[in-house]
Amino acid sequence: MRKSIHLVKGDITKQNADAIVNAANSSLLGGGGVDGAIHRAGGPQILAECVEIRNRQGGCKTGEAVITGGGNLKAKYVIHTVGPVWNGGDKGEPQLLGNAYRNSLKLAVENDIHTIAFPNISTGIYHFPKDLAARIAVDTVKAFLNGHEGPLSVTFVCFDDENYALYESLLKDK
Ligand code: ADP
């Protein structure tokens, strides 16, 4: 598995990866959706580290990423990134979503992470169109892997059937 892309359907909190990515909000103080699920499953340590980061640097801007330990999760780390809220599409949303994936991958590499799992960032409460979000996610990850030397395995974890079908069709014509 020097460099690879995988697809699974399920709950990201159950993933056995070095790092799982959280679709956080810029406060880093937790929220609903996958964010709530990660904090519930990972326990209070993750939020305590998020609060420390927030106190130090004032949260996390859209498209950026920060890292904490994985608390009680199987994953050693959680990378918290903030995807854009969909606001019609002409407010830089596609670029910002790409940044969220890219900056998460950069942070993974900096921390010697070799396996990372992503949820479908921004496609829940933030209402980014799922088909466009899937294309951006796949294109950004492929481009990053192409430009990267070391071993890195990326798994897309889809929670709903619609996202799973979109990723399945994008990844089969690799
Ligand atoms: P955002 O605010 O970035 O839209 P959400 O958490 O609302 O974040 O949704 C992002 C995606 O995560 C959605 O596609 C949602 O179905 C999915 N999701 C929700 N819970 C989980 C989970 N436990 N594991 C993986 N994906 C999840």
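I will begin with how to read the model and then go through the parts in turn.

This is a predicted model, where local features need pLDDT of at least 70 and side-chain atom pairs count only at pLDDT 80 or more, while totals for chains, interfaces and linings use all residues. Residues are numbered from 1 along each chain as its sequence is written.

Now the sheet. It is open, with six strands in the order 1-6-5-2-4-3 and mixed pairing. Strands here are DSSP runs of E, at least two residues, and helices are runs of H or I, at least four residues, both numbered from the N terminus. Two strands pair if DSSP finds at least two bridges between them.

Strand 1 runs parallel to strand 6 (residues 152–158), and seven bridges join them. In one of these, histidine 6 has threonine 155 in strand 6 as its bridge partner.

Next, helix 2 (residues 44–57) packs on the sheet and touches strand 3 and strand 4 (77–81). Contact means C-beta atoms, placed from the backbone, within 7 Å.

Last, the ligand. Of the 21 residues around it, Ala23, Gly33, Gly124, Tyr126 and Phe159 come nearest; a residue counts as near if its C-beta atom, placed from the backbone, lies within 6 Å. Which helix gives the largest share of this shell? Helix 1 (residues 33–42) does, with four residues.

How values were computed: Two residues are in contact if their C-beta atoms, placed from the backbone, lie within 7 Å. Axes are lines fitted to C-alpha atoms, for helices over the stretch in contact, and angles run from 0 to 180 degrees between N-to-C directions.
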